Amino acid sequence: MADTAQTTNPTDRTDRDQHSAVRSLLRLWPFIRPVRVRLGTAACVAVLASCISLVIPLVLKWLVDGPVAERDPGGAWLGGAFLLLLGLAEALLFGLRRWLVARPLAGVEAAMRAALYRHVQRLPVAFHDRWPSGQLLSRGTTDLQLLRMFFAFPMTFLLVNGVTILVGAVILMVQRWSLGLVLLAPVVPLMVLCSVFEAKYGRAARRAQDQVGDLTTVVEESVLGIRVLKGFGRHRSQARAFRELTRELRATELGKARLLAWIWGCITALPELAIGGALVCGAVQVADGQLSAGTLVAFLSTALALRWPVDSIGFLLAMSNEAAAATDRFFEVMDEPAVEEAAAGAPGAAAPEGTGKGLVFSGVAFRYPDAPPDSPPLLRDVTLHIRPGETMALVGATGSGKTTLTALVPRLYDPTAGRIFLDGRDLATIGRDEARAMVAVAFEEPTLFSATAAENVLMGDEGAQEAELRRALAVARADGFVDALPQGGATQVGEQGLSLSGGQRQRLALARAVVGRPRFLILDDPLSALDVHTEALVEAALRQVLSDTTALVVAHRPSTVLLADRVALLSGGRIAAVGTHHALLRDHPEYAALMSGEGSGEGENDR
Ligand SMILES: Nc1ncnc2c1ncn2[C@@H]1O[C@H](COP(=O)(O)OP(=O)(O)OP(=O)(O)O)[C@@H](O)[C@H]1O
Ligand SMILES: [Mg+2]
C-alpha cells in the first residue's frame, strides 16, 4: 500500500512552455464571464488608485519649487492638505476594489468546484479505476483556492502594475529623458530574466501540485485503511512513505523558493542600482544648475512610487504560473469525456431469435481498458439467457470475471463486443439512467454512506414509502438489528456514524437492492458474510422476492446456489455450462470441484 502513491499519475506532464501558461489561463474565461463587469470595474478602480500615487510626486515638485523655495507657509499647508487628500483617495479606491471582488470571486470558486464535482460524478467507472482519489481531492480543493487567489490578485495587478509602470515611465521621460533612460536601463535584462524564471517556475509549480495530490492519496488511504495498517503493524512503513513524500514536496517547494528568491533579488537589485545611478547624475545636474531641486525630488519619488509595481512582478508571475498549473490540472479532469447517453430511439440490434424477454447476453466480450495490452480479454464469448422471473446463479473460480460480468448489466462498463438485452431491448440503446432504474445491484463490498440506515436503503428507490422500506428490511433480515439501533432506522451509519458489522452492512446493501422491486436484480455474492442460520432466513425471504424478478446471483456456496432455478458456470471467459445444480454436479467435474470446496486452479480454497 505504501507504494501506491508513487505510481505515476496518469496525467503527469512536466514540460510546459511559457506560452501555454497564458493559454491555460485563458481557458478560465467561461467561469470568469459572469463576473466580468465587476472584475473589470475593480481593475479600473485599481488602475485609477495606482495612478493617483503617481500624481503625488508632481505635487511634491510643485511644493519644493514653489512654496518651499519661496518660504511661503500658506502654500506649504495647501500642498500638504492636497497630498493628504490624494493619499486618502488612493486608500479608499483600493478598499473599494477589494469590496468589489471578494464576493464574486468566492462565487467563481464555488462554481468551478461544483462543475468539477458534477463532472467527476458523470465520469465512467474506468476513469476512477485509473485515477488516485487524492489527485481528485487536491484538484477540487487546493488547486481551486490557488485559482481564486489568482483572480483576486495577480490577474488584476499584472494589468494594474503594467499600466502604472507605463504611465510612470512616460512621466519620468517627460520630466528628464536623460535621467529616465538611466532608470529604464534594466528593463530589457529584467524581461529576459522574467521569461526564463517563468518557464522554470511553471514546471516546479506543476510538480509541487502533483505531489500534493499524491500526498492526499496517502493520507486518504491511511485513514480509510487504518485497521489494516494497524492490524499488520504497517503504520510505521506507511508513516515512512508519507515522510518520503513530504520530503519530496519540501524539496520542490524549496526549489520554488530558491527560484523566487533569485528572481526577487534581481528584480529589486537592478532597479535599485538604476535609482542610485539616476540620483548621482541628478545631483550633479542640480549642482550644475541644469536641473531644479523640485524636478529631482519629483523624479526620484516617481521612481520610488514605481518600486512596488516593479518589485511585485516577480511574485505575481510566480502566482500566475501556479494558477496556470492548477488550471491545467483542473481541465485534465474536466476534459475527460463523461459517459454519453445513448441517443434516444437509436436503432439497436434485435434480440437473438427465440430469446424474447428476460436478461440475455449474446456473444459478450470484455477487457478492462487498463489491462495489459497483450493479455486475452477477460470475458471472451459470454452467451446466456436468463428467462423472465428466473433466478440464475453464476458460479466460477475466483478471478474468473463474475463481478465484471455483473457490472456490465447496470452499464458500469460497456462490453467491448457482443450485446446485452433487457426484456428484448438492446442495453446499448437504453441509456444509463433508464437501465439503472430497471436493474438493482448489491455489490460484493457493501458500501454505506454517511447517512441514516433508512436513507442508505432508500438510495435504491428514492420514492419508496415506509411500507416498502419495512418490506425490504424484512427480506434482507435487517429489520431486527435496524430496530435495535439507538434511533432505529434514523440512526446515522457509514463513515461518520455507527459502525455496523460486515453481515449487517451486507444486509442493508441487500435491502437497498430489493427496495425498489426492480425488474432485474443482480446480487454479487450477497450472503457471504452471514452465519448459516441468518443465511437460511434471508434465503427464504429472498425466494419470495426472486419469484417475480429476473435475477443473476453470483454464488460461491451450494446454499446460495440452491436459491437459483439454474446455474451458469463461468470458465475461461465463457459460459461453460448451464443447468440445475444437481445436473451440473453430476456432469461437470469443474463445477463439482468448485462446489465441493476442493477447488480447481485458484479455486475456492479460501472459503
Ligand atoms: N478495474 C479493473 N481493472 C483491471 N482489471 C480488473 C479490474 N477489476 C478486476 N480486474 C481483473 O479482472 C479479473 C476478474 O475480476 P472479477 O472481480 O470479475 O473476478 P470475480 O470472478 O468476481 O472474482 P471473485 O470470486 O474473487 O469475486 C481479475 O483478474 C482482476 O484482476
Ligand atoms: Mg467478484
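User: How many aromatic pairs does a search of the whole structure find?

Analyst: The search finds 13 aromatic pairs; rings of Phe, Tyr and Trp (its six-membered ring) pair if their centres lie within 6.5 Å. This is a predicted model, where local features need pLDDT of at least 70 and side-chain atom pairs count only at pLDDT 80 or more, while totals for chains, interfaces and linings use all residues. Side-chain values use heavy atoms, leaving out hydrogens and water.

User: Why is the pair of Phe-31 and Phe-330 called edge-to-face?

Analyst: Planes under 30 degrees apart count as stacked, over 60 as edge-to-face and the rest as tilted. The planes of Phe-31 and Phe-330 are 80 degrees apart, with 5.7 Å centre to centre, so the pair is edge-to-face.

User: What makes this a link between distant parts of the chain?

Analyst: Phe-31 lies in helix α2 (residues 29–32) and Phe-330 in helix α14 (residues 307–334), 299 residues apart. Helices here are DSSP runs (H or I, at least four residues), numbered from the N terminus.

User: Which domains does the assignment give?

Analyst: Domain 1 (29–334) and domain 2 (359–596), with bounds from an automatic or database domain assignment. Their centres, taken over C-alpha atoms, are separated by 56 Å.

User: What area is buried between domain 1 and domain 2?

Analyst: About 420 Å², with 58% from carbon and sulfur atoms. Buried area is the accessible area (1.4 Å probe) that two parts lose on being put together, summed over both. Val-125, Ala-126 and Asp-129 supply 70% of what domain 1 buries against domain 2.

Key
Residues numbered from 1 in each chain as written. Chains lettered and ligands numbered in written order. Helix = DSSP H or I, 4+ residues; strand = E, 2+ residues; numbered from the N terminus.
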